[in-house]
Amino acid sequence: MVETVLLVGVVASIFVGFNIGGSSTGITWGPSVGAGIVSKTTAAAVMTVFVFLGGMTVGRNVMDTLSEGLIDVELTLAAGVAVLFFIGLGMLIANIFGVPVPTSMTTVGAIAGLGLATDTLNYETIAGIITWWIVTPIIGLWIGVLIGRYIYPWVNNRVTITKSEGPLLALERDATVPRPTLGPNTTQTELATTVAVLAIGCYMAFSAGASNVPNAAAPLVGTADGLPDDTAIIIATLAISLGGFTIARRTMDSVGGELSDIPLLAALFVMVTASTITTLLSWAGIPISLVMATVMTIVGIGWGRATRPITVREAVSRDPEPSEIELGAIVAEEKVGETAPQIGEPEAEDVLRGEDLFNPRAIIKYVSMWVIGPSMSTILAYGFFTAFPGFA
């Protein structure tokens, strides 16, 4: 009987990991794939390696929180399997609404529902987690504002990310030992920017592993009849990898072309910011959604760029100079030879398009799912474990 329940749990863990791989691989590598810098197959392969590293290192802290810190008793194997079911159900609901899945939040909600039903919830821990769920979007937003207002326009005038025709590198066979050299059309700048893009993608993949591997692994860890930590992490990684090689191919196309039409350079700023926030919180053992930091950083960069025509002094004075703040594109690349306007000076007219900043309905939908997702999993888990206490 125990073996059967464990087998069902492994299948549920693979299902959860498969869906995580589909969404997180697209978010991580979509911009690079869309720019033609890396292929979908290479992206999925590299994603597998760094997801595993993130899960094996920083992800262990999140797994400890999910398997031991949220409730004051040890999870039974049956309870762990049920929790995985509610995680998968929450992901299904989010997919139906067509928004990125807040997997970490859904996982916490399902375990919290178990704790409420059995009166074993650690309220201090859950309060700390929810506090970070509130603070993280604010942090991402304001970091994005600073980047969009002060940093991105300056960097954009000095860095150009291009993809030339032909291979990036080639083998020089004239020497005794063949050695790598630049491709026929590759410049030193292109090589450096490509390496930077790949490094940032690997960093985001590591962050995704740190935050997402525990969601598929933790419910089967720490139980008397469950799996060892390393085994659960390997199973979750392989499931995420499977999702990356299959359903993520469409996601990468979607993200590569739909990230609000922002340039690759701006997407890299978003990736670094969101990955750093997520990795630091995962290191602290806080289950957090990579999507949450990503979306709010994108919005912040848009607002930062849109408010460049207004100085800080004008913004805080009661009688500012008559200067209208228009909702500009999230980021718009200056044309060749064009200099970004100084703070307080208006942007070019073709930059200021209110409809391109962000879609308020889309933002409302994202934020709603951050509330609805964990709330639904909490309510469903609470109802289930209350009706069937034997599973707990």
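These are my notebook entries on a predicted model.

**Ground rules**

I number residues from 1 along each chain as its sequence is written, and I remember that local features need pLDDT of at least 70, side-chain atom pairs count only at pLDDT 80 or more, and totals for chains, interfaces and linings use all residues. My side-chain values use heavy atoms, with hydrogens and water left out.

**Entry 1: the whole protein**

I started with the overall make-up and found 14 helices and two strands. Helices (H or I, at least four residues) and strands (E, at least two) are DSSP runs, numbered from the N terminus. Of the 392 residues, 50% count as buried; buried means under 20% relative accessible area, exposed over 50%, and partly exposed in between, with a 1.4 Å probe and protein chains only. I noted an accessible surface of about 17,900 Å², with 65% of it belonging to carbon and sulfur atoms. Those areas come from the Shrake-Rupley method with a 1.4 Å probe, and for residues only the protein chains shown count as cover. I then turned to contacts, meaning heavy atoms within 4.5 Å. Among those between residues at least 6 apart in sequence, 82% join residues at least 24 apart.

**Entry 2: salt bridges**

How many salt bridges does the structure hold? I found two, taking a salt bridge as a side-chain nitrogen of Lys or Arg within 4 Å of a carboxyl oxygen of Asp or Glu. In one, the side chains of Asp229 and Arg60 meet at 3.9 Å, N to O. Asp229 lies in helix α8 and Arg60 in helix α3 (residues 59-69), so this pair ties together parts 169 residues apart in sequence. In the other, Asp230 meets Arg60 at 2.3 Å, N to O. Asp230 is also in α8, so this pair ties together parts 170 residues apart in sequence. Shared partners join Arg60, Asp229 and Asp230 into one network.

**Entry 3: along helix α8**

I stayed with α8, which covers residues 229-245 and has 17 residues. Its span from first C-alpha to last is 24 Å, close to the 24 Å expected, where the expected span is 1.5 Å times one less than the number of residues. Several of its residues are buried, including Ala232, Ile233, Ala236, Thr237 and Ile240.

Is Thr237 buried or exposed? Thr237 counts as buried because its relative accessibility is 4%. Its side chain reaches the backbone oxygen of Ile233 at 2.8 Å. Not counting residues up to four places away in sequence, Thr237 touches Thr48, Val51, Phe52 and Val213.

I looked next at a nonpolar surface patch of about 690 Å², whose members include Ile130, Trp132, Trp142 and Ile143. Patches are made of residues with over 30% relative accessible area and no salt bridge; like charges are joined within 9 Å, and nonpolar side chains (Val, Leu, Ile, Met, Phe, Trp, Tyr) within 5 Å. Trp142 sits in helix α6 (residues 123-156) and counts as exposed at 53% relative accessibility.

Met296, in helix α11 (residues 290-306), is buried at 12% relative accessible area. What does Met296 contact, leaving aside neighbours within four places in sequence? I found Pro137, Gly140, Leu141 and Trp370. The C-alpha atoms of Met296 and Ile143 are separated by 9.3 Å, although these residues are 153 apart along the chain.

Terms used. Polar contact = N/O pair within 3.5 Å; in protein donor to acceptor, adjacent residues only side chain to side chain.
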